[in-house]
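Please read it alongside the display below.

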Amino acid sequence: MREEAARPVGGAVSAPPGPVRIVIVDDHSIVRQGLRSLLERQPDLEVVGEGATAAEAVAVVARTSPSVVLLDLKLSSGEDSEGLTLCERLTGEHDGLGVLVLTTFLDDKLVVEAVRRGARGYVVKDVDTTELVRAIRAVARGESAFDSRSAAAMVHSMNNRSSEPELTERELGVLRLLAAGSSNRQIGGQLYISETTAKFHVRNIMRKLDVSTRAEAVYEASKRGLI
């Protein structure tokens, strides 16, 4: 019988062929070593890389093409925002990549924001080994996975959140350039960011506005008074 993910949400897709390729991102070496030792006892899991910083994570993910990234939100800066930004970048630049947040801190807003930035799941570090492995397998299948406390935080925040999408200042700037008819390359040039970064901002904007084209994004943003 197939094992179910911890608190699965959303539809499943077929499991990827071969072992689940995992990258661990945590600024504590001992944590990375412990996770590697634990996960590699599972015949269907393979740790293909590690990173201690956002820059290392970006490089190792690009080099190893993992299925799942285990991500601690608090990296070298000690701020959640660094991990959240990294989550958004990784999921924006790598189609199909599953990010599972594995962190010490549990907060309703953090859980929702991590999901908004592209994470498929959120578990705290005191989760037991069985639940962690199930969550990793679920994320690799394209499902979402939360431990019981994270799931409760998610439900609580969803019941209380505003219906309006929350766009960052950067995304609002990109939206204005979209409205002016700028291409990704032109947006990058005007905002002093790479074309790839401009592209993932555009994709995140479309996801948040629940549209499928750039023109629809501009129309929807205009209708909501965002630009």
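Helices (H or I, at least four residues) and strands (E, at least two) are DSSP runs, numbered from the N terminus. The model is predicted, so local features need pLDDT of at least 70 and side-chain atom pairs count only at pLDDT 80 or more, while totals for chains, interfaces and linings use all residues. Residues are numbered from 1 along each chain as its sequence is written, and side-chain values use heavy atoms, leaving out hydrogens and water.

**Helix ends and burial**
- S65 follows α2 and has a positive phi, near 50 degrees.
- G118 follows α4 and has a positive phi, near 115 degrees.
- Buried residues in α4 (residues 108-116) are L110, V111, V112, E113, A114 and R116.

**Strand β4**
- Six of the six residues of β4 (residues 98-103) are buried.
- One side carries G98, L100 and L102, the other V99, V101 and T103, and both faces are covered.
- In a regular strand, side chains alternate between the two faces of the sheet.
- β3 (residues 68-71) pairs with β4 in the parallel sense over four bridges; pairing requires at least two DSSP bridges between two strands.
- V68 stands opposite G98.
- β4 also pairs with β5 (residues 121-124) in the parallel sense, over four bridges, and V123 in β5 is the bridge partner of L102.

**Contact of α7 with α8**
- R170, V174, L177 and L178 in α7 meet I187, Q190 and L191 in α8, where contact means heavy atoms within 4.5 Å.

Notes:
Buried < 20%, exposed > 50% of the residue type's maximum accessible area, 1.4 Å probe, protein only.
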